[in-house]
Amino acid sequence: MYHPTVARLTYRALLGRRRAAILFLLPGLLLLIAAAVRAFNGADDQIAADVLGGFALATMVPLIGVIAGTGAIGPEIDDGSIVYLLAKPVKRPTIIVTKLTVAIAVTMVFSAVPTFLAGLILNGNGQQIAISYTIAALVASIAYSSLFLLLGTISRHAVVIGLVYALVWEALFGTLIEGARTLSVQQWSLAVAQKASGDNGMIASDVGLPVAVTLLVAVTVAATWYAGQKLRTLAPAGEE
Amino acid sequence: MSTLQIDHVSRWFGNVVAVNDVTMTIGPGVTGLLGPNGAGKSTLINMMGGFLDPSTGSVTLDGTPIWRNESAYRHIGVVPEREAMYDFLTGREFVVANAELHGLGAGDAQRALATVEMEYAQDRKIATYSKGMRQRVKMASALVHEPSVLLLDEPFNGMDPRQRMQLMDLLRRMGADGRTVLFSSHILEEVEQLASHIEVIVAGRHAASGDFRRIRRLMTDRPHRYLVRSSDDRALAAALIADPSTAGITVDTTEGALHIQAVDFGRFTALLPQVARKHSIRLLTVSPSDESLESVFSYLVAA
């Protein structure tokens, strides 16, 4: 289910594009904010949780997920170079699973690692805040990558749709509207983080852990399966 | 030795019929798929390459359906028309990646690069390649696994004459080796130079099939229409209709011209100036009114 050549091509395509700059820019911004907050306020558990929850998990992780998830397959479908993968005796689901693995790895590296570092800068992992949000980022990376990889497979406007989802749904509705929170990767991963922090009151999710885990697994598996199906019947770009 | 069988295949996109009840057999040797732009050549090649499913009918390789059958690619090499091809890789990296996807190694890639004579530029980024170089690297990527079937969509588009000759030589060798080579083109001369067998497709329909002499004859023996203006249209019309090379003439008084339908192309073109001189008629305009490739093709469809 994993093809090293597909993975190599995907890594190079993902990290070689101009878009990849955002992969470095956002984590850089997070670390900068963390350093500034620490310098002006000193270590404060509540502020650390606010920064990691409000910026890292609510904004940065989904954005990195959009870039990595859609970027792992979208451009190849758009410009038609995907035919060089498709015209091979390689199972289509293998191509999807490999690209998903790459997208997850990239999202994790560029979101979970900086989240952990920012947490250390903010309050030195006091109250397990850094480690909890890092776990949330890791979990969210998997779900976002699979969702946005599917999006990249079915739509030419995957980046726009992904951005709208990440910024409007997750960041705005997800924090404001009650119902939307149940259907939010952010809340699901927060539920995991809440458990990881030992329910110390610093991290709270609106979704219970069993529901969150079920939905995370269901969304990831369903999106990946469907992307594999779409790839099996993908019409070449530019076809009449 | 492999044979592609297209059996009563139609393919439509929404309400648009791109390929309409086509049946053909593509065997070893070089076959040219000829037709005007938009005739459905790419749709047909995409179905043979397993990228599109036929709406009805079947496309099989030695009896096995190609659609949704990844293992068919062990025998098929595809050279797509589109340019995009991982520009951030070098030519060598690209062909090696294609070899690996077939479960082969760098040695096979090197051999394919040698076949298309691209070793000299193999370590340059594809982004720096000319159109012809890209085409050759695409060829190499399609040849790494020594496929018995090679499908090429408009391979000569945008190539200069020297590159064209090289590619033609290569395809001829492939055909002579007993491979089934199919390429599409909208240019008769291209197809004539290379293909021993021609399939003509027009407006989604299979218009003609055979060797190039037969196709060429079909194309030149059709009725030709001319628009002629002269110093005395009626006298010219009277003189021309006496000869069997002309089937019909309309005297268009509003246009001030003759619409002539010639049935014997060679004879008519020789006759017209002789008749004009004999009757001291000055020819002002002689223009074929249906010489576009599309009209030639549509004649073939009707035939």
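These notebook entries record what I looked up in a predicted model with chains A and B.

**Conventions.** I noted that local features need pLDDT of at least 70, that side-chain atom pairs count only at pLDDT 80 or more, and that totals for chains, interfaces and linings use all residues. Residues are numbered from 1 along each chain as its sequence is written, chains are lettered from A in the order in which they are written, and side-chain values use heavy atoms, with hydrogens and water left out.

**Entry 1: annotated spans of chain A.** I took the "transmembrane region" annotation from the unreviewed UniProt entry, where it covers residues 21-40, 52-74, 95-117, 129-151, 158-177 and 207-227 of chain A. Such annotations may be inferred rather than shown by experiment, and their positions follow the numbering used here, with feature names shortened. I then checked two of these spans. Residues 95-117 of chain A are 100% helix and 0% strand, with end C-alpha atoms 33 Å apart. Residues 129-151 of chain A are likewise 100% helix and 0% strand, and their end C-alpha atoms lie 32 Å apart. Helices (H or I, at least four residues) and strands (E, at least two) are DSSP runs, numbered from the N terminus.

**Entry 2: the A–B interface.** I counted contacts as heavy atoms within 4.5 Å; chain A gives 33 residues and chain B gives 32 residues. The buried area, that is, the accessible area (1.4 Å probe) lost by the two parts on being put together and summed over both, is about 3000 Å², and carbon and sulfur atoms give 57% of this value.

I found three salt bridges between chain A and chain B, each a side-chain nitrogen of Lys or Arg within 4 Å of a carboxyl oxygen of Asp or Glu. One of them joins Arg8(A) to Glu100(B), with the closest N and O atoms 3.0 Å apart.

On the side of chain A that touches chain B, H1 (4-16), H4 (74-79), H5 (83-86) and H11 (209-232) each supply at least two residues. H1(A) provides the largest share, six residues.

**Entry 3: strands of chain B.** I took two strands as paired if DSSP finds at least two bridges between them. S13 (residues 257-262) of chain B pairs with S11 (residues 224-230) of chain B in the antiparallel sense over five bridges. S13(B) also pairs with S12 (residues 246-252) of chain B, again antiparallel, over six bridges. Within S13(B), His259(B) is the bridge partner of Leu227(B) and also of Thr250(B). The hairpin of S12(B) and S13(B) has four residues between the strands, and Gly256(B) takes a positive phi near 65° there.
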